[in-house]
Every structure is written in structure tokens, then in C-alpha cells.
Protein chains: 2
Amino acid sequence: MRTFIVVGHKATTSPNFSLDDIPGTSGRLDILCRAVTAAFVVSHGIRKDACVYLVLLGGEEPKTIQLRGETLRHLNPDERTTAALLKKALAVPATKDWSMSTSGIFVRQSGLEGLLSDLKEKRLVYLREDGRDIREMDGRSLALDAAFILGDHTGMTEDEERQIDLANAERLSLGSTSLHADHCIVILNWILDTCSIMPG
Amino acid sequence: MRTFIVVGHKATTSPNFSLDDIPGTSGRLDILCRAVTAAFVVSHGIRKDACVYLVLLGGEEPKTIQLRGETLRHLNPDERTTAALLKKALAVPATKDWSMSTSGIFVRQSGLEGLLSDLKEKRLVYLREDGRDIREMDGRSLALDAAFILGDHTGMTEDEERQIDLANAERLSLGSTSLHADHCIVILNWILDTCSIMPG
């Protein structure tokens with residue numbers, strides 16, 4: 001299972017945003033929509049072995065949306081369809097436990113700290129430009145059980161970085177060019193698909 | 001200059017599509033919008049050294065839209081904004097010569113054959129799952145002057161493949177997983193950014 005965690009610092013936790021202006025009305029939920037597509041969509045199908053957590057911090061209480069490839073339905077490659085699925089998830093009354101919205105999509109009231117605690121058995125990898133070059137790693141070991149943590153356009157706060165360090169995440173880098181989260185996920189999927197680019 | 005050519009077999013050549021339903025009303029122009037974003041967008045900027053040609057074959061006469069990173073303006077990472085820029089380009093009366101729409105965006109009446117002829121000085125690379133593994137190539141030589149040819153969800157026709165072969169394009173592969181054109185472009189940009197993953 002390949003897991004991607006994306007933190008949306010201003011992303012709305014309410015379904016009251018406009019599908020006609022996603023960037024302008026949802027706290028840049030468009031960034032998270034593209035991250036979802038990057039994680040799951042291949043030609044004529046969905047990656048069953050992927051899981052995405054979207055941590056939405058733009059409301060009064062944080063919410064996390066979980067999308068699981070094995071059972072995910074109705075995901076198309078376009079941004080608006082993905083935003084419509086997230087809108088449905090945000091309309092579900094969220095509690096501390098996961099509630100299902102549509103097939104393969106779940107929501108709960110919780111932020112990054114709770115998620116990191118839930119995933120502590122995983123190999124946590126925090127993507128940062130100044131981390132260790134991912135090409136030095138053994139890709140096959142990453143493919144087995146890594147959970148990759150990515151920020152949005154605002155980057156992680158100091159407090160979040162402290163939580164990530166406390167969770168023992170490795171800092172790895174895809175290179176010196178600063179890329180959007182969805183593009184990082186596309187590259188990570190490719191690295192995991194073609195592990196032989198890695199030594200070892 | 002890194003060049004990407006994407007062929008949209010059903011992509012409309014008319015501006016009369018709805019920004020509220022891009023996949024359903026434009027002959028899947030959404031695929032080409034995502035390819036544009038993949039080619040140009042990095043965190044907080046645009047790749048100046050990229051150029052994209054979109055070959056639109058879903059009208060009576062084919063049109064090609066050219067986007068040049070050096071002068072490209074108004075491009076945001078979301079799909080709808082890109083579609084609005086393409087809509088403007090399609091509203092420009094197209095002739096056999098390039099006409100500018102907005103800064104860095106040009107349109108003309110022409111299809112794949114004319115474009116391949118124009119780019120014959122480039123190193124043409126046709127991406128196919130069954131091509132030679134791109135990881136065996138010298139990435140630095142690719143970075144210098146390659147033009148990558150990609151299909152949309154329908155793949156290339158036999159006639160197009162004949163034109164591509166006649167233009168002496170190499171067939172290279174990103175691996176056995178069949179990926180969307182925009183994801184291929186993200187990976188190609190990364191390979192060109194980090195050429196050291198290539199031997200040689």
C-alpha cells in the first residue's frame with residue numbers, strides 16, 4: 001500500500017464552496033483535488049494499492065478525508081469531479097470516527113497529529129527539497145510500506161514539522177526544483193512503479 | 001528548450017465549450033489542460049524553458065495551439081483557468097500562420113504532419129509503453145533538444161504513427177504502467193531536471 005498525506009492549510013472543511021471557482025472559494029482545495037488524481041488515476045483505471053489522506057485545516061475544527069483505492073468509485077481525472085466528491089464528503093457530519101461518504105471515501109474530525117499517530121507503524125517520509133536525495137534510497141523498500149507527507153503551497157508550519165519529527169519521519173527530497181504536491185505524487189508513483197531506478 | 005506535443009483526437013477547435021463541464025463539452029480538452037499545467041507549472045512559477053504544442057483534431061479543420069514558457073502569462077495551476085486561456089486562443093481566427101491570442105499563446109490551422117515537419121531539427125521522441133526504456137538513455141542529451149510526442153486517451157492512429165516514424169522519432173518508454181499524458185510530462189520534466197538518474 002502506498003500512502004500519501006497532503007496537508008491543506010487553508011482548505012475548507014465545509015461543503016459550501018463553488019465548483020465554478022474552486023481555487024477562489026475553497027481555500028485551494030484544487031491543490032488537494034489534483035493530489036488525489038495524481039495518486040490514483042492511471043490510463044483507464046484506478047490504482048487499487050494507493051491511499052490518500054487530505055488534512056484540511058481551513059475550518060474551525062480540522063477534518064481529514066481518507067480515500068482508499070481498493071473501493072474508490074466515481075473518480076474521474078478532471079478536477080471538478082474530484083472536487084464534487086470532496087464536497088460530498090464534507091457534507092457528511094464528521095465525528096472522531098471515520099464516516100463513509102461515497103464508496104472508498106471517509107471523513108473524520110481530526111488533524112495531522114492524530115493521523116501521524118494512527119500511521120506510526122508505517123515508514124513515514126516527509127518530502128522536503130533539502131532532504132536526502134530519494135534516488136539514493138532502495139525504492140523497493142519504499143514501495144512496501146511508505147507513507148509520504150507533503151505540504152501545500154504554504155509549506156509546513158514549525159509546529160507541524162515538530163510533530164513530523166516526533167513521528168520519526170525521514171526527510172527525503174525529489175531534487176532542488178520546488179514542485180507542487182500533485183507533481184511530487186506522480187513522480188513518487190513512478191519511482192515506486194519502476195523501483196529498478198534505485199540502487200540496491 | 002524542452003518541447004511537448006500532445007495530440008487531442010477529439011479536442012474541439014471551437015471556443016463554444018462550457019467551462020462548467022470541460023470533459024463533457026470540449027472533446028476532452030481537460031486532458032490537454034492538465035498537460036499544459038504539467039509542462040509549465042512549478043511552485044511559485046512557470047518553466048521558461050518549456051514549449052507545448054496541442055494538436056486539436058476534433059473540428060472540421062485541425063488547429064494547433066502553441067504555448068511558450070518564456071512569455072506565457074496568466075497560467076494558474078487549476079484546470080479551469082487553463083481551459084479559459086485555450087478558449088480565448090480558439091476564438092482567434094486561425095490561419096496557416098501563427099496568430100497570438102494572449103501572451104505566449106499562439107494558434108494556427110494545421111495538424112500533426114505540419115508540426116512534425118516544422119520540428120524536424122529537434123530530437124523527436126515518441127512515448128509508447130513498448131518503446132526503449134527511457135532510463136537507459138543519456139538524460140542530458142534528452143534535456144538539450146528533445147520534443148516528446150504524446151497521445152491522449154485514445155492513443156495514436158496508424159496513420160499518425162506512420163507520420164511519426166517518417167519523422168524519425170525514437171520510441172521511448174516510461175515503463176509498463178499506462179499513464180495519462182500529463183503524468184508522463186511531469187515525469188519527463190523530473191527526468192530532465194535531475195539528469196543524473198541516467199547513466200552516462
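**View 1. Strands S1 and S9 of chain A lie side by side in this predicted model.** Strand S1 (residues 2-8) and strand S9 (residues 146-150) of chain A pair in the parallel sense, and four bridges join them. To find your way in, look for Thr3(A): its bridge partner in S9(A) is Ala147(A).

**View 2. Helix H2 of chain A packs on the sheet.** Here residues 29-40 form the helix, which touches S1, strand S4 (50-56) and strand S5 (63-68) of chain A. The direction of H2 makes about 170° with that of S4(A).

**View 3. Helix H3 of chain A also packs on the sheet.** This helix (residues 79-91) touches S4, S5 and strand S7 (105-109) of chain A, and its direction makes about 125° with that of S5(A). For a quick check of its length, take 1.5 Å a residue: the 13 residues of H3(A) should span 18 Å, and the end C-alpha atoms are 19 Å apart, which agrees.

View 4. Glu79(A), Thr82(A), Ala83(A), Leu85(A), Leu86(A), Ala89(A) and Leu90(A) are buried.

**View 5. The open sheet of chain A has eight strands.** Their order is S6-S7-S5-S4-S1-S9-S8-S10, with mixed pairing. At the edges are strand S6 (99-100) and strand S10 (170-173) of chain A, each pairing on one side only.

Definitions and conventions: Residues numbered from 1 in each chain as written. Chains lettered and ligands numbered in written order. Predicted model: local features only at pLDDT ≥ 70, side-chain atom pairs only at ≥ 80, totals over all residues. Heavy atoms only, no water. Pairing = 2+ DSSP bridges. Helix = DSSP H or I, 4+ residues; strand = E, 2+ residues; numbered from the N terminus. Contact = heavy atoms within 4.5 Å. Axes fitted to C-alpha atoms, helices over the stretch in contact; angles between N-to-C directions. Expected span 1.5 Å × (residues − 1). Buried < 20%, exposed > 50% of the residue type's maximum accessible area, 1.4 Å probe, protein only.
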